Amino acid sequence: MSLTWQERAQKKRESIFAAIPQEWRLPEPLPSPEDQKDVTGSYVQQFLTPREIEITESDAVKITEHTTTGKWTATEVVTAFCHRAALAHQLTNCLHEVFFDQAIERAKELDSTFAAQNGPTGPLHGLPISFKDQFHVKGVETTMGYVGWIDTFEGVKGTGKERNVDSELVQEVKALGGVPFCKTSLPHTVMSGITWNHIVGFTLNSHNRLMTCGGSSGGEGTLIGMRGSPIGFGTDIGGSIRIPSAFNGLYGIRPSFGRLPYVGAANSMAGQNTIPSVCGPLATSLGALKLMFRYVLSQQPWLHDPAVVDLPWREELCTPLPADGSKLTFGLMPNDKLVNPQPAVRRAFETVKKLIIDMGHDVVDWDPPSHEKAIALAFEAFTADAGMDIWHHIGLSGEPLQDHIQRTYGTAAGSLGAPKTADKIWEINLRLREYQKEYMEYWNGTARQTKSGKPVDAILTPVAPFAALQFGNTFHIGYTPWVNTLDYTSVVFPVTQVDKTLDLYDKDYQPWSEQDKTNWEQYDPEVQQGTPVGLQLVGRRHQEEKILGLVELLSTALAVQKKSS
């Protein structure tokens with residue numbers, strides 16, 4: 001007899017847990033989120049040895065410095081992160097694929113090669129790397145959160161590709177000496193800022209398990225936020241790298257399309273290229289992002305993915321201060337004019353704004369062409385097929401579509417009517433180019449406002465109007481999709497945490513709109529206490545090195561400020 005979708009989901013869920021070694025399993029019963037909100041830091045460390053803590057609390061830069069010189073073996077590093085990832089999954093539901101045995105075996109091979117050749121296998125020798133469950137890794141399957149994809153290749157049986165394919169990005173990090181060791185949770189369809197699916201359920205925020213971890217790269221956010229991985233790859237079509245990075249206290253980059261290889265990865269609406277999805281890393285340090293970006297580009301991905309631009313790493317752009325001694329100019333966009341950020345996000349923004357001014361740099365108010373128009377264009381592209389792709393893959397198992405995704409794709413196949421015809425898609429593309437040109441001219445025109453006489457260098461803005469979202473609350477996503485519509489570079493960086501003594505609920509606040517009223521009413525400083533708060537710095541297309549350099553400038557100043565306060 002064939003299994004129901006519920007039975008298939010349960011079987012898959014049980015197989016993930018079964019792949020965790022018995023000695024790494026936590027004693028039952030596990031504490032509830034109410035009893036233990038924060039499972040990072042000292043809480044998870046109680047289950048680790050001092051050596052494991054030392055390794056897993058290190059960032060990717062330090063790890064590779066140690067593994068490539070033989071100070072640490074690949075085996076001990078990979079095993080330590082496998083252990084911590086196993087703990088993270090039990091407390092947050094962040095993993096979709098557990099292949100620790102495969103990873104540890106690869107680490108042993110790297111150690112043997114190191115001993116025989118007296119040297120490392122590439123600059124990422126022995127570095128554990130996690131992947132969102134859109135990337136194919138040989139030896140394990142990819143479900144992308146769909147129950148109907150279990151025991152298939154992207155929903156199709158008998159292709160010969162099942163568990164037998166590496167995505168291009170996976171191939172490249174393996175060639176560099178990196179070790180994939182797990183794949184992380186995501187919402188089915190990947191079109192959601194909340195990570196939940198019928199296989200693993202909700203993925204919780206490891207800093208505050210009463211809150212969401214963001215999405216769609218939410219498993220990556222939670223896992224790395226809990227130091228269960230030093231660095232991992234997610235994807236971003238409307239905020240899916242940036243939102244989990246901000247919610248989990250991480251650094252993350254949404255590069256422009258064509259900078260990093262996407263070929264060979266699974267996706268929803270795979271042929272939709274009006275507003276394309278991109279891949280990028282999330283990590284515990286900015287140095288880790290630079291490390292990974294630089295070395296992936298050293299593999300010349302433009303020779304393997306026809307969409308990648310032949311644009312090698314430009315180290316000189318990582319030092320963004322002008323050579324002539326003039327100051328930088330930052331555009332300031334504290335809100336999206338629809339929903340005002342909650343107190344902790346406003347405080348984070350004002351903190352960085354003051355820091356920029358105190359450093360002597362110039363600021364201008366950012367008042368660009370309507371972001372509502374940008375978001376509307378994005379969702380026209382995302383629904384151009386009337387949800388046919390998504391409803392097809394949901395229909396493979398008969399599982400229901402998540403409620404919050406139904407708001408975009410309807411309650412059943414055909415809810416959105418007929419797919420757009422080619423001429424209508426062309427018309428969207430024309431309007432998109434017109435909007436991009438209008439925005440470009442606005443950015444160019446800011447030269448008339450700046451002291452330097454040059455256009456704004458980057459835009460400082462929130463990632464969301466809240467630190468993270470409490471389960472059951474309404475998600476306003478207006479702060480991120482405009483970047484995708486423009487195909488701009490964006491880097492997220494951590495700033496602070498919610499502090500209930502500073503970030504008070506304003507009972508006398510006058511909402512701007514019904515959306516703003518909902519956001520204001522949902523704020524609970526007691527529940528949100530300790531939740532990370534991040535911001536994003538946005539640059540023009542293909543300015544990844546420059547924006548990483550600017551974020552390094554700001555983050556270094558923030559660290560000095562925190563140390564002296």
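Lys-337 lies in the loop between β11 (329-332) and α11 (343-358), where helices (H or I, at least four residues) and strands (E, at least two) are DSSP runs numbered from the N terminus. Phi of Lys-337 is near 70 degrees, a positive value in a residue other than glycine, and at 56% relative accessibility Lys-337 counts as exposed, the classes being buried under 20% relative accessible area, exposed over 50% and partly exposed in between (1.4 Å probe, protein chains only). The model is predicted, so local features need pLDDT of at least 70 and side-chain atom pairs count only at pLDDT 80 or more, while totals for chains, interfaces and linings use all residues. Residues are numbered from 1 along each chain as its sequence is written, and side-chain values use heavy atoms, with hydrogens and water left out.

**Domains and their interface**

- The domain assignment of the protein chain gives domain 1 (5-20 + 42-266 + 277-312) and domain 2 (316-384 + 420-564), with bounds that come from an automatic or database domain assignment.
- Taken over C-alpha atoms, the centres of domain 1 and domain 2 are separated by 26 Å, and 40 residues of domain 1 are in contact with 43 residues of domain 2, contact meaning heavy atoms within 4.5 Å.
- About 3,300 Å² is buried between domain 1 and domain 2, of which carbon and sulfur atoms give 64%; buried area is the accessible area (1.4 Å probe) that two parts lose on being put together, summed over both.
- The rule finds four salt bridges across the interface of domain 1 and domain 2, a salt bridge being a side-chain nitrogen of Lys or Arg within 4 Å of a carboxyl oxygen of Asp or Glu.
- Across the interface of domain 1 and domain 2 there are also 22 residue pairs in polar contact, both residues at pLDDT 80 or more; a polar contact is a pair of N or O atoms within 3.5 Å, where within protein one must be able to donate a hydrogen and the other to accept it, and residues adjacent in sequence count only if both atoms are side-chain atoms.
- On the side of domain 1 that touches domain 2, the elements that give two or more residues are β6 (204-205), β7 (208-212), α9 (242-247), β9 (251-254) and α10 (286-298).
- By class, that side of domain 1 has 21 nonpolar, 13 polar and six charged residues, with Ala, Val, Leu, Ile, Met, Phe, Trp, Tyr, Cys and Pro counted as nonpolar, Asp, Glu, Lys and Arg as charged, and the others, Gly among them, as polar.

**Salt bridges**

- The structure holds 27 salt bridges, and among them is the pair of Asp-487 and Arg-254, whose closest N and O atoms are 3.0 Å apart.
- Arg-347 forms a salt bridge with Asp-503, with the closest N and O atoms 2.7 Å apart; Arg-347 lies in helix α11 and Asp-503 in the loop between β14 (489-497) and α17 (514-522), so the pair ties together parts that are 156 residues apart in sequence.
- Within that pair, Arg-347 counts as partly exposed at 21% relative accessibility, whereas Asp-503 is buried, with a relative accessible area of 1%.
- Lys-12, Glu-97, Glu-141 and Arg-163 are linked in a network of salt bridges, in which the side chains of Glu-141 and Arg-163 meet at 3.8 Å, N to O.
- Glu-141 counts as buried at 3% relative accessibility, while Arg-163 is partly exposed, with a relative accessible area of 41%.

**Individual residues**

- Asp-166, in the loop between β2 (128-132) and α7 (168-175), counts as buried at 12% relative accessibility; the side chain of Asp-166 reaches the backbone nitrogen of Lys-138 at 2.8 Å, and a polar contact of 2.9 Å joins the side chains of Asp-166 and Lys-174.
- Ala-103 has its place in helix α6 (residues 100-117) and is buried, with a relative accessible area of 1%; the C-alpha atoms of Ala-103 and Pro-180, 77 residues apart along the chain, are separated by 6.4 Å.

**Backbone geometry**

- The peptide bond from Glu-28 to Pro-29 is cis, with omega near -5 degrees, and Pro-29 is placed in the loop between α1 (5-18) and α2 (42-45).
- A cis peptide bond also runs from Gly-215 to Ser-216, with omega near 5 degrees, and Ser-216 is found in the loop between β7 and α8 (218-225).
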